[in-house]
Amino acid sequence: MIDTGLVQHDGQRHAGRPGADYQDFRSFGQHFCLHLSTIVDFLVEPIAFVNGRWHMNFMTENQPKKPSKSDRTRAQILEAARLLFAEHGYDGASIREVAAHASIDPAMVIRYFRSKDELFARAAVVDLQLPALRVIDRNAIGETLVRRFLEIWEGPASGPGMAILLRSATSNEFAAEKLRDVFGNQVRPVVAAVSDPADAGRRAGLVSSQLLGLAMCRYLLRLPPLVALSHDEIIQKVGPTLQRYAVGEDGS
């Protein structure tokens, strides 16, 4: 005969009283539901009880994955770092200031990026995406370079990377080295393809000096006469100089 006055719960038997089995089973049910809800919280999509049946909605390949909390925190730190590095340079923006701007603890910046150098390197990523000059009209190389320059600094997809590097490179060797990497890995190969490769370093250096000088004066120092120039005026004035520099001073 079953003893309904004793209830097995959590590995123990409890002495019964009238209604004890109902109370203990009720407690067990609440305890079980609590654990079940905790498990459900970890599922990609929650279980739903619809029309008398349990349903599990798994994510499909076509559904975008929602950013995790850590992804959002990392992006928040990078956004603050880009803003402060672009405004104040490497030396003028501290980890504590970046954290304050991102409204998080400074320890979190170190947790996600380990050091100021790594944070700077991630914030100052630059991909110039220079056009392949060897496949365009040789006489339009200077104009093409100027147009791409204006897109990098003022186009809809422009980013703060070049401003960060340019503002920081004059006083910080780490930033200067990164800017030299951009020159060596992105500018020089493109220029080398349109004339004598043996002379590519000199020609690429002259191209860079012209464009970096223009960027410094127009975007960082914001000299009024240069800020006032239209795109067409910049192309008209700077394009011929870049043409000579890129293909050789004699224009050949």
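Threonine 73 is buried, because its relative accessible area is 12% and buried means under 20%, with exposed over 50% and partly exposed in between (1.4 Å probe, protein chains only). The model is predicted, so to speak of its local features we need pLDDT of at least 70, while side-chain atom pairs count only at pLDDT 80 or more and totals for chains, interfaces and linings use all residues. Residues are numbered from 1 along each chain as its sequence is written, and side-chain values use heavy atoms, with hydrogens and water left out.

Where does threonine 73 sit? It lies in helix H2, residues 69-92. Helices here are DSSP runs of H or I with at least four residues, strands are runs of E with at least two, and both are numbered from the N terminus. Setting aside residues up to four places away in sequence, threonine 73 touches Met108 and Tyr112; contact means heavy atoms within 4.5 Å.

Next, the packing of H2. Two packed helices are described by the angle between their axes and the distance between the axes. For H2 and helix H7, residues 161-169, the angle is about 25° and the axes are 7 Å apart. Axes are lines fitted to C-alpha atoms, for helices over the stretch in contact, and angles run from 0 to 180 degrees between N-to-C directions. H2 and H7 are therefore roughly parallel to each other, since angles under 35 degrees count as roughly parallel, over 145 as roughly antiparallel, 65 to 115 as roughly perpendicular and the rest as oblique. On the H2 side the contact is made by Arg82, Phe85, Ala86, Glu87, His88, Gly89 and Tyr90, and on the H7 side by Ile164, Arg167 and Ser168.

One of those residues deserves a second look. Leaving aside neighbours within four places in sequence, phenylalanine 85 is in contact with residues including Tyr90, Leu119, Phe120 and Ile164. Phe85 is also among the residues with the most contacts inside the largest nonpolar core, along with Leu119, Phe120, Phe149 and Trp153; that core has 58 residues. A nonpolar core is a set of buried Ala, Val, Leu, Ile, Met, Phe, Trp, Tyr and Cys residues joined through side-chain atoms within 4.5 Å. H2 gives the most to this core, with 8 residues.
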